[in-house]
Amino acid sequence: MIQESCHLDADVMTSVLQEVGYIVTCKYDLTGDEILAQARKFRKTKHNTYDSFVVYFSGHGGSNVIYGSDLDTVEISEIVNMFQPKMCNSLAKKPKIFLWDCCRGSQVARGAKDIQSLQIDLEVGNDAFSPPEFMDFVYGFSSALGFRSYVGDNKHTGGLSVWTFYLQKHLRDSRGILHLTDLLTVVQNSVLSFANEFEQGHKLMASNHVSLFDVSLCVCEAPETTFFTNCLR
């Protein structure tokens with residue numbers, strides 16, 4: 001199940017996003033070059049009839065990079081930069097949401113206390129990028145910089161990664177009630193509660209997120225007013 005977990009993560013997220021009105025394109029096991037090629041394809045797409053844009057990635061990653069199925073690294077900033085207004089004008093002033101379920105290093109949090117100290121990253125308008133070009137960008141990460149993400153199991157998360165399990169759950173439960181940043185904070189708190197419930201949680205979750213050869217990329221956009229745009233307003 002671990003080897004297939006990225007595919008399962010992506011399938012569940014596809015279903016959830018479609019439920020709230022998104023048109024989803026899902027790709028499996030892309031190489032590094034293919035990930036960039038897909039990003040360029042969507043950068044060139046005319047998004048005039050859509051009001052928000054989401055990229056969800058499930059796979060292996062490192063410090064500010066993700067891995068393709070061929071182990072080639074792709075800088076997260078290279079993908080994000082493609083969608084700033086001067087590169088993709090049809091998405092200007094529209095919410096652009098990037099959700100990264102992947103490791104961001106090799107350190108392992110040893111139990112809930114350490115996980116709590118990580119302050120799992122949630123960013124709106126990343127300081128690493130210069131405003132105002134990135135003020136309508138939202139970033140959600142499953143782990144803090146330098147640390148691994150967490151693998152779930154069949155019993156507790158249905159084979160999904162821990163972060164994606166709670167992400168899809170709270171997306172379904174909230175349906176626009178929560179601001180997006182609040183929703184991602186709820187997801188983070190659920191991961192922390194999971195770790196608190198299982199004192200040996202680091203043994204369950206300390207392995208690599210998935211097989212390095214198993215990655216999934218979902219790109220979606222939504223016509224008219226949708227769940228994510230409601231959450232951001």
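## Basis of the description

Two strands are said to pair if DSSP finds at least two bridges between them. Helices (H or I, at least four residues) and strands (E, at least two) are DSSP runs, numbered from the N terminus. A residue is called buried under 20% relative accessible area, exposed over 50%, and partly exposed in between, with a 1.4 Å probe and protein chains only. The areas come from the Shrake-Rupley method.

This is a predicted model, in which local features need pLDDT of at least 70 and side-chain atom pairs count only at pLDDT 80 or more, while totals for chains, interfaces and linings use all residues. Residues are numbered from 1 along each chain as its sequence is written, and side-chain values use heavy atoms, with hydrogens and water left out.

## The parallel strands S2, S6 and S8

Strand S6 (residues 96-101) is joined to S8 by five bridges, and the two run parallel. S2 is also parallel to S6, with six bridges between them.

Strand S2 (residues 50-58) is largely enclosed by the rest of the structure, because nine of its nine residues are buried. Strand S8 (residues 137-141) is mostly covered, with five of its five residues buried. In a regular strand the side chains alternate between the two faces of the sheet. On one side of S8 lie Phe137, Tyr139 and Phe141, on the other Val138 and Gly140, and all of these are buried. Val138 is 8.7 Å from Leu180 in space, C-alpha to C-alpha, although the two are 42 residues apart in sequence. Leu180 belongs to helix H7 (residues 180-197) and is buried, at a relative accessible area of 1%.

## The antiparallel sheet S3-S4-S5

A separate description applies to three further strands. They form an open sheet in the order S3-S4-S5, with antiparallel pairing. Its edge strands are strand S3 (61-62) and S5, each of which pairs on one side only. Two bridges join S3 to S4 in antiparallel fashion, and Gly62 has Val65 in S4 as its bridge partner.

The loop between S4 and S5 contains Leu71, whose phi is near 75°, a positive value in a residue other than glycine. Leu71 is partly exposed, with a relative accessible area of 36%. Asp72 is found in the loop between strand S4 (65-67) and strand S5 (73-75) and is partly exposed as well, at 37%.

## Salt bridges

Side chains of opposite charge can pair when their charged atoms come close. A salt bridge is here a side-chain nitrogen of Lys or Arg within 4 Å of a carboxyl oxygen of Asp or Glu. By this rule the count comes to three salt bridges. In one of them, Arg172 meets Glu19, with the closest N and O atoms 2.9 Å apart. Arg172 lies in helix H6 (residues 162-174) and Glu19 in helix H1 (residues 5-19), so this pair ties together parts that are 153 residues apart in sequence. Arg172 counts as partly exposed at 30% relative accessibility, as does Glu19 at 36%.

Asp136 and Lys96 form another salt bridge (3.1 Å, N to O). Asp136 lies in the loop between strand S7 (122-124) and S8, and Lys96 in strand S6, so the pair ties together parts that are 40 residues apart in sequence. Lys96 is buried, with a relative accessible area of 0%. A further salt bridge links Lys169 to Asp173, where the closest N and O atoms are 3.0 Å apart. Both residues lie in helix H6, four residues apart, about one turn of the helix. Lys169 is partly exposed, at 34%.

Asp33, Glu34, Asp70 and Asp72 form a negative surface patch. Patches are made of residues with over 30% relative accessible area and no salt bridge, like charges being joined within 9 Å and nonpolar side chains (Val, Leu, Ile, Met, Phe, Trp, Tyr) within 5 Å. Asp and Glu count as negative, Lys and Arg as positive, and His and the chain ends are not counted. The place of a charge is taken as CG of Asp, CD of Glu, NZ of Lys or CZ of Arg.

Asp29 lies in the loop between strand S1 (23-28) and helix H2 (32-44). The phi of Asp29 is near 55°, a positive value in a residue other than glycine. Asp29 counts as partly exposed, at 31% relative accessibility.

How values were computed:
Accessible areas come from the Shrake-Rupley method with a 1.4 Å probe; for residues, only the protein chains shown count as cover.
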